[in-house]
Amino acid sequence: MNTSLRKLLVLAFALAAGTNLAFGQWRAGDRLPDPAAFGLAGRLPNLSGQVVLVDFWASWCAPCKASFPALDDLQKKYAPRGFTVLAVSVDDDAGDMARFLETHPVSFPAAHDAGQKYVAAAGVEAMPSSFLVDRAGTIRFVHVGFHPESTPAELAGEIESLLGAEAAP
Amino acid sequence: MTRAASMSAVLVVLLGLAAGCANVKPYQRGTLADYTMRADRDPLADSLHEHVYFTREAAAGGRGVGGGGCGCN
């Protein structure tokens, strides 16, 4: 095989592999991209100056369903101190999300990521995934999946630590 | 056909195969998570299939059910 053909072969496979490996999750320390810029449908709360848990979920995702009561408890407990959950549904059909919320009512706001653009930007590696954001809009903690025995307590501790911090100027 | 042309043909085929590998992202698995995708969604059909299987294979109990493996039930 001549050298140019070998180079072409390597390039072709790098490109082919690259299309499947274009995965980049938001990390602690990143700024949270403004959800309003991604065309989410639904009631978006005012996130400015709030500690926010952005939770990506879907009606077909059993662990997401299991996480909702815990997230609702956190919302009820910490909302008066400046915390909110923003539940972003990645369902293909907004009707699936609406039906789920009718049967599993929660006190936190939910929005629909119709084009899955926001979740694609987040690059989530599992469902559900959640990103805890401080008052200045910086992602501070990332949770992949939901583990009933540990995640709620971890979230509570992290929320407490962020609520205790000074509001950003 | 020259060597370069044959290698190019191989390259095109391999590239087509490589590009055909789709990565279904976690948030795109709604269809896969549908109830109709479950292999065990129909208990009656399961028991019938199981009966045919262990009778044909003479392997009663081969899937974790108690039995001697005589295939006589």
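Reader: Before I look at single residues, what does "buried" mean here?
Author: A residue counts as buried when its relative accessible area is under 20%, as exposed when that area is over 50%, and as partly exposed in between. Please keep in mind throughout that this is a predicted model.

Reader: Then is Gln116(A) buried or exposed?
Author: Gln116(A) has a relative accessible area of 12%, which is under the 20% limit, so Gln116(A) is buried. This residue sits in the loop of chain A that runs between strand E4 (110-112) and H4, and its phi is near 55 degrees, a positive value in a residue that is not glycine.

Reader: And which peptide bond is cis?
Author: The bond joining Met127(A) and Pro128(A) is cis, with omega at about -10 degrees. Pro128(A) belongs to the loop that connects helix H4 (117-122) with strand E5 (129-133) in chain A. As background, most residues other than glycine have a negative phi, and most peptide bonds are trans.

Reader: Let me turn to the inside of the protein: how many residues are in the largest nonpolar core?
Author: That core has 43 residues, and Phe56(A) and Phe83(A) are the ones with the most contacts inside it. At least two core residues come from each of several elements of chain A, among them helix H2 (62-78), strand E3 (83-89), helix H3 (94-103) and helix H5 (151-164). E2(A) gives the most to this core, namely six residues.

Reader: What does Phe56(A) touch?
Author: If neighbours within four places in sequence are left aside, the residues in contact with Phe56(A) include Trp26(A), Val88(A), Tyr118(A), Val119(A) and Phe131(A). Met127(A) and Pro128(A), the two residues joined by the cis bond, are also among the contacts of Phe56(A).

Reader: You mentioned H2(A); how far apart are its end C-alpha atoms?
Author: They are 25 Å apart, and since 17 residues at 1.5 Å a residue should span 24 Å, the two values agree.

Reader: Now chain B: what is its secondary structure?
Author: Chain B comes to two helices and zero strands. Of its 73 residues, 11% are buried, and its accessible surface is about 5400 Å², with 62% of that belonging to carbon and sulfur atoms.

Reader: And why is Cys21(B) called partly exposed?
Author: Cys21(B) has a relative accessible area of 46%, which lies between the limits of 20% and 50%, so the residue is called partly exposed.

Definitions and conventions:
Residues are numbered from 1 along each chain as its sequence is written. Chains are lettered from A and ligands numbered from 1 in the order in which they are written. This is a predicted model: local features need pLDDT of at least 70, side-chain atom pairs count only at pLDDT 80 or more; totals for chains, interfaces and linings use all residues. Side-chain values use heavy atoms; hydrogens and water are left out. Helices (H or I, at least four residues) and strands (E, at least two) are DSSP runs, numbered from the N terminus. Buried means under 20% relative accessible area, exposed over 50%, partly exposed in between (1.4 Å probe, protein chains only). A nonpolar core is a set of buried Ala, Val, Leu, Ile, Met, Phe, Trp, Tyr and Cys residues joined through side-chain atoms within 4.5 Å. Contact means heavy atoms within 4.5 Å. Accessible areas come from the Shrake-Rupley method with a 1.4 Å probe; for residues, only the protein chains shown count as cover. The expected span of a helix is 1.5 Å times one less than its number of residues.
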